[in-house]
Amino acid sequence: MSSDFETIFGTLRGTMLEVVDGALMVTDDKPGSLTVKSQRLDAKGQPVWFGTVTIKRSYVAYHLMTLYEHPELAAGISDDLAKRKQGKTCFNFKKSDQALFDELAELTKSAHAVEIQTSAT
């Protein structure tokens with residue numbers, strides 16, 4: 001595990017944990033892996049996934065699962081952050097980039113706000 005990846009993971013883990021509150025809960029938090037789920041339940045009665053941060057072999061992955069249900073949240077992201085996007089919900093990082101991390105933090109806050117609204121209905 002690269003020390004750069006550990007640093008990136010630590011930063012992104014902090015970003016994800018900043019939004020954990022009564023609507024969200026940490027279900028896994030160990031070195032290299034964080035999972036956050038909603039208090040809201042899916043059709044099978046399981047908590048809905050909100051996001052994960054995971055150290056992979058060649059990058060650190062930041063999944064923001066709310067983007068599946070609300071892709072419009074990512075409509076205004078910068079070209080630089082869009083280059084890090086893989087699929088609908090995942091952003092991959094091989095090196096630290098504070099400007100992108102700040103933008104991702106704002107996107108995470110927006111996703112959190114939508115999750116609160118969705119949970120309330």
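Let's start with Leu81, which counts as buried because its relative accessibility is 0%; buried means under 20% relative accessible area, exposed means over 50%, and partly exposed is in between, using a 1.4 Å probe and protein chains only. Leu81 sits in helix 3, residues 79-83. When I say helix or strand, I mean DSSP runs numbered from the N terminus: H or I of at least four residues for helices, E of at least two for strands.

A quick word on where this comes from: it is a predicted model, in which local features need pLDDT of at least 70 and side-chain atom pairs count only at pLDDT 80 or more, while totals for chains, interfaces and linings use all residues. Residues are numbered from 1 along each chain as its sequence is written, and side-chain values use heavy atoms, with hydrogens and water left out.

Back to Leu81. What is Leu81 in contact with, leaving aside neighbours within four places in sequence? The partners are Phe91, Phe93, Leu100, Glu103 and Leu104, where contact means heavy atoms within 4.5 Å. Val36, by comparison, is 45 residues from Leu81 in sequence and 22 Å away in space, C-alpha to C-alpha.

Now for the core. In soluble globular proteins, nonpolar side chains tend to be buried together. Here, the largest nonpolar core has 26 residues, and Leu12, Phe91 and Phe93 have the most contacts inside it. By nonpolar core I mean a set of buried Ala, Val, Leu, Ile, Met, Phe, Trp, Tyr and Cys residues joined through side-chain atoms within 4.5 Å. Among the elements giving two or more residues to this core are helix 1, strand 2 (33-41), strand 3 (47-55) and helix 4. Take Leu12: beyond its neighbours within four places in sequence, Leu12 is in contact with Val53, Val60, Tyr62, Phe93, Phe101 and Leu104.

Next, please look at the two helices. Helix 1 (residues 3-17) and helix 4 (residues 98-120) pack at an angle of about 30°, with axes 10 Å apart. The axes are lines fitted to C-alpha atoms, for helices over the stretch in contact, and angles run from 0 to 180 degrees between N-to-C directions. Helix 1 and helix 4 are therefore roughly parallel; angles under 35 degrees get that name, over 145 is roughly antiparallel, 65 to 115 roughly perpendicular, and the rest oblique. Which residues make the contact? Ile8, Thr11, Leu12 and Thr15 come from helix 1, and Phe101, Leu104, Ala105 and Thr108 from helix 4.

Helix 4 also holds Asp102. Is Asp102 buried or partly exposed? At 42% relative accessibility, Asp102 counts as partly exposed. From Asp102 to His70, 32 residues apart along the chain, the C-alpha separation is 20 Å.

Finally, let's visit the strands. Met25 lies in strand 1, residues 24-30, and is partly exposed, with a relative accessible area of 24%. Thr35, in strand 2, is buried at 7%. Met25 and Thr35 are 10 residues apart in sequence and 8.6 Å apart in space, C-alpha to C-alpha. Setting aside residues up to four places away in sequence, Thr35 touches Met25, Val26, Thr27, Asp28, Trp49, Gly51 and Thr52.

Leaving out neighbours within four places in sequence, Thr52 is in contact with Met16, Leu34, Thr35, Ala61, Tyr62 and His63.
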